[in-house]
Amino acid sequence: MPVNVGILGATGAVGQRLVQLLDPHPEFEIDSLTASEDSAGKSYREAAKWRIDVPIPDHVAEMTVGATEPAAVPDDIDLLFSSLPSSVGERVEPGFAEAGYVVSSNSSNFRMDPDVPLTIPEVNPDHVDLLEVQREERGWDGALLKNPNCSTITMVPPLAALEEAFGVERIDVSTLQAVSGAGYSGVTSMEIIDNAIPHIGGEEDKMEAESRKLLGEFDGAEVHWLEADVAASCNRIPTLDGHLENVWADLSEDVSPEEAAEAMAEYPSADLHSSPEPLIEVFEEPDRPQPRLDRNRKDGMQISVGGVQTTETGVQFNCLAHNTLRGAAGASILNGELLVKKDYV
């Protein structure tokens, strides 16, 4: 039987991607949609300014959008995917967990809370068991699980491969991030055309903290963050989709470019529907990956790496992922699949 799921914040950019990915999903069935008070009571077709390049699924288009509150969500919903703005998520997500709903959330609120798992299923699936601590400490019948920021998701799987094989001591990253990461109205055309913006508010802090939590060790009671310095510089460029990142990693061992590339190429996928095989595609060409050419690889869920070379202290490489698929909606769905597999749903 499929798992009945709902989407909190279903009319936004990430909410629309969730609809797109969940509609054909073999494990999940969309049974509930919520949005703001302005949208509640309307059909999804009326409420959502659909901006995905595939049609709205017919049965979803005719669903009535509900209010974003536990009383408006049917009791038989097994799993909620949240794409709410963080200010809204901070206010309402605990209420859903307290009411007994399991929430897989893309919103940035609570990611750094010590009892909230922050997971990429291919990297740290064991961290999901922090939910046991969360339920005990907060008295929730439900649960709240987070995926990281879209820019963090891009670089962490390759870094996880290097950490496992050689040990990572320091990480420096400079990002070239697509405009879709700011939402449809986040960056005006007059700001970004013929331009690059060397600042994305709060993004650098997220990358620096989230990567250390993701690469940390869970001892059954808490997550011990990776003991490595992380420094990020985040930049917006006039690309529609796909975050390209230049990464420098200081390693505990001397390695060749071939050894580093092999470690990343062989890093395993998860045994989950949305996890691609291979997880990381490593290019030999020095001018790859590129957003337009590589962001949609494996339905937008693969990480692409190229330009692997050694430095005096480790390696440098470029990496790319689709920021609204692998980096947002797809990440939440992967976490939902992990929750099902581990019997939290």
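Two strands count as paired if DSSP finds at least two bridges between them. I start there because the strands of this predicted model come first.

Take β11, residues 243-251. On one side of the pairing list is β7, residues 168-177, which runs antiparallel to β11 over 8 bridges. β14, residues 314-321, also pairs with β11 in the antiparallel sense, again over 8 bridges.

Next, helix α9, residues 257-265. Which of its residues are buried? They are Ala260, Ala261, Ala263 and Met264. Viewed down the helix axis, the buried residues of α9 fall within an arc of 160°, so they line one face of the helix. In general, an α-helix has 3.6 residues a turn, so residues three or four places apart point the same way. What do the buried residues of α9 pack against? The partners are α6, β12 (280-282), β13 (303-310) and the strand already mentioned, β14.

That brings in α6, residues 150-165, which also turns up in the second largest pocket. This pocket holds about 190 Å³ of space. It is lined by 13 residues, and the closest to its centre are Val123, Leu214, Leu215, Gly216 and Glu217. Both α6 and β8 (217-218) supply at least two lining residues each; α6 gives the most, with 3. By class, the lining has 6 nonpolar, 3 polar and 4 charged residues.

To close on α6: this helix packs against the buried residues of α9 and contributes to the lining of the second largest pocket.

Key
Residues are numbered from 1 along each chain as its sequence is written. This is a predicted model: local features need pLDDT of at least 70, side-chain atom pairs count only at pLDDT 80 or more; totals for chains, interfaces and linings use all residues. Side-chain values use heavy atoms; hydrogens and water are left out. On a 1 Å grid over the protein atoms alone, a cavity is a set of points where a 1.4 Å probe fits but cannot get out, and a pocket is an open set with protein on both sides within 12 Å along at least five of seven lines; lining residues have an atom within 4 Å of a point. Grid points are joined across faces, edges and corners, and a volume is the space filled by probe spheres set on the points. Helices (H or I, at least four residues) and strands (E, at least two) are DSSP runs, numbered from the N terminus. Ala, Val, Leu, Ile, Met, Phe, Trp, Tyr, Cys and Pro count as nonpolar, Asp, Glu, Lys and Arg as charged, and the others, Gly among them, as polar. Buried means under 20% relative accessible area, exposed over 50%, partly exposed in between (1.4 Å probe, protein chains only). The arc is that of the directions from the helix axis to the C-beta atoms. Contact means heavy atoms within 4.5 Å.
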